[in-house]
Amino acid sequence: MDDMVNEKVYRATLHEQYEGLREAERQCRLMIHRHHATSDLTCPPVFDNVMCWNVTRAGTNASQPCPGYIDNFRINGLAIRRCMENGSWYVNPETNSSWTNFTDCFPDQSKRNSVNNSLNIIQTIQVTGYTISIVSLVLALVILLRYRYSQRSRRTLSKITILHINLFIAYILRASVSLLRNYIFGRAFVLSLNGHLKTETDYTQWVCKPITTLFVYALVASTFWLNVEAFVLTKLIVDWKYLQKRNNVFVHIAIGWGGPLLIVVPWLVLRVVTEDDWCWISYTCEWSMWVFVRGPVFISIFINNILFIKIVRFLYKRLKEVNKSSHFNKTIILKMARTVCILIPLFGVPDIIFVFLSFWFDVEYLYAEMFFNSLQGCMLSSTFCLTEKKVVQEFWKFIYRCKKTEQNKTGCRRASQPSLSEETTVA
């Protein structure tokens, strides 16, 4: 896949492609308007929906460098158009319309197919992972809401549960909007092989922009809630009464849901004022995406990693004190490994690795990133709820009660049936 990147292709955002096509069409219309027919047998100038073709002598091929305003077109490639002997442009029998050969403009087809296959696999991972996360998060949410009021005697635990519930809601929102966005934009802007730039979502202009905005908010909100949970956990390790202080829980809830608005609202204003096109999924200025979206998210992830290192160091010191040993032993290693594995999804540790990998790799790192991101909600619900000792015990009690009820029903049915001896006596 790296070879595909080294093949030297044009890079253009959807906005740049759209503007380039509009300008090319405008220039071509002027040329067609100025054209005067001659006695020579030639094909007239024409715009093929991608680029403009000048007057061409009959029975010859016209060629031009691939346009630079189409993303992923080869820089050294040539587009070819055939002028037939009768002075008309070649008509493709499959489409019944004039046709331009852009084959040489595309990168090596086998590599292109390889990338497409990779993207299909990544999309499958995304849909599967987010679906699993939604199911597990909803289940965990129901369990927490069911047992929350049974913890009134332990106020700190109850308040922690409130924060867990909000974290789960944030990740349910993120997973749901991601699946919806993937469904709507999955077949969006396409440059077909016959040279027509088309969109299958023209009707969604008024729908896709709110969905894009909601997606950005869900992404930032889920990151903020990771920060809130990580910060609270760091505080509780030092002061277990931290959440009992007045209004602490409400302050954290306000930060978790209100904080993202400080990022999303400026981004929304920027899009409306300067880049109000293409469903807000492309960026004319790459810096705006980093300043208003990726930058704050990266800073949040970076803070989480600092808190992660701080907690791991604290736990290491405590475990050494408990084991009264100045050296590592098997018990410390196992306890540390278990604790670190539990904390990794909470603090989003792999996210910072994926940010750096994105600068050096094209598609490969997306497998790991999408796998982690889509299943992060499942990991969090398992860590905070589904693998808790009380939840597991209640689950097995429920299974036992179901089996016992089924056995009782079976016994009742058998008892209600007359025995063979009774049937004989009656007869």
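Which residues have the most contacts inside the largest nonpolar core? To find them in this predicted model, select Leu167, Phe168, Leu243, Leu380 and Cys385, which hold that place in a core of 25 residues.

**The largest core**

Next, colour the elements that give two or more residues to this core: α3 (109-147), α4 (155-185), α5 (205-238) and α11 (364-386). Of these, α4 gives the most, with eight residues. Then centre the view on cysteine 385 and display its surroundings. Leaving aside neighbours within four places in sequence, cysteine 385 is in contact with Ala140, Ile143, Leu144, Phe168 and Val391.

**Helix α6**

Select residues 248-258, which form helix α6, and show the side chains where present. Asn248, Val249, His252 and Gly256 are buried in this helix. Viewed along the axis, these four residues lie on the same side of α6, because they cover an arc of only 100 degrees around it.

**Aromatic pairs**

The whole structure holds four aromatic pairs. For one of them, select tyrosine 90 and tryptophan 99, whose rings are arranged edge-to-face, with 6.1 Å from centre to centre and 70 degrees between the planes. Are these two residues buried, partly exposed or exposed? Tyrosine 90 has a relative accessibility of 28% and therefore counts as partly exposed. Tryptophan 99, at 24%, also counts as partly exposed. Continue to Phe73, Phe102 and Phe106, which ring pairs link into a cluster.

**Charges over rings**

Two arginine residues deserve a stop here. Select arginine 81 together with tryptophan 89: the charged end of arginine 81 sits over the ring of tryptophan 89, 5.0 Å from the ring centre. Then select arginine 181 and phenylalanine 215. Here the charged end of arginine 181 sits over the phenylalanine 215 ring, at 4.3 Å from its centre.

**Asparagine 305**

The last stop is in helix α8 (residues 286-323), where asparagine 305 is found. Is asparagine 305 buried or exposed? Its relative accessible area is 11%, so asparagine 305 is buried. What does the side chain of asparagine 305 reach? Display the backbone of isoleucine 301: the asparagine 305 side chain reaches the backbone oxygen of that residue at 2.7 Å.

Definitions and conventions. Residues are numbered from 1 along each chain as its sequence is written. This is a predicted model: local features need pLDDT of at least 70, side-chain atom pairs count only at pLDDT 80 or more; totals for chains, interfaces and linings use all residues. Side-chain values use heavy atoms; hydrogens and water are left out. A nonpolar core is a set of buried Ala, Val, Leu, Ile, Met, Phe, Trp, Tyr and Cys residues joined through side-chain atoms within 4.5 Å. Buried means under 20% relative accessible area, exposed over 50%, partly exposed in between (1.4 Å probe, protein chains only). Contact means heavy atoms within 4.5 Å. The arc is that of the directions from the helix axis to the C-beta atoms. Rings of Phe, Tyr and Trp (its six-membered ring) pair if their centres lie within 6.5 Å; planes under 30 degrees apart count as stacked, over 60 as edge-to-face and the rest as tilted. A charge sits over a ring if NZ of Lys or CZ of Arg is within 6 Å of the ring centre and within 35 degrees of the ring normal. A polar contact is a pair of N or O atoms within 3.5 Å; within protein, one must be able to donate a hydrogen and the other to accept it, and residues adjacent in sequence count only if both atoms are side-chain atoms.
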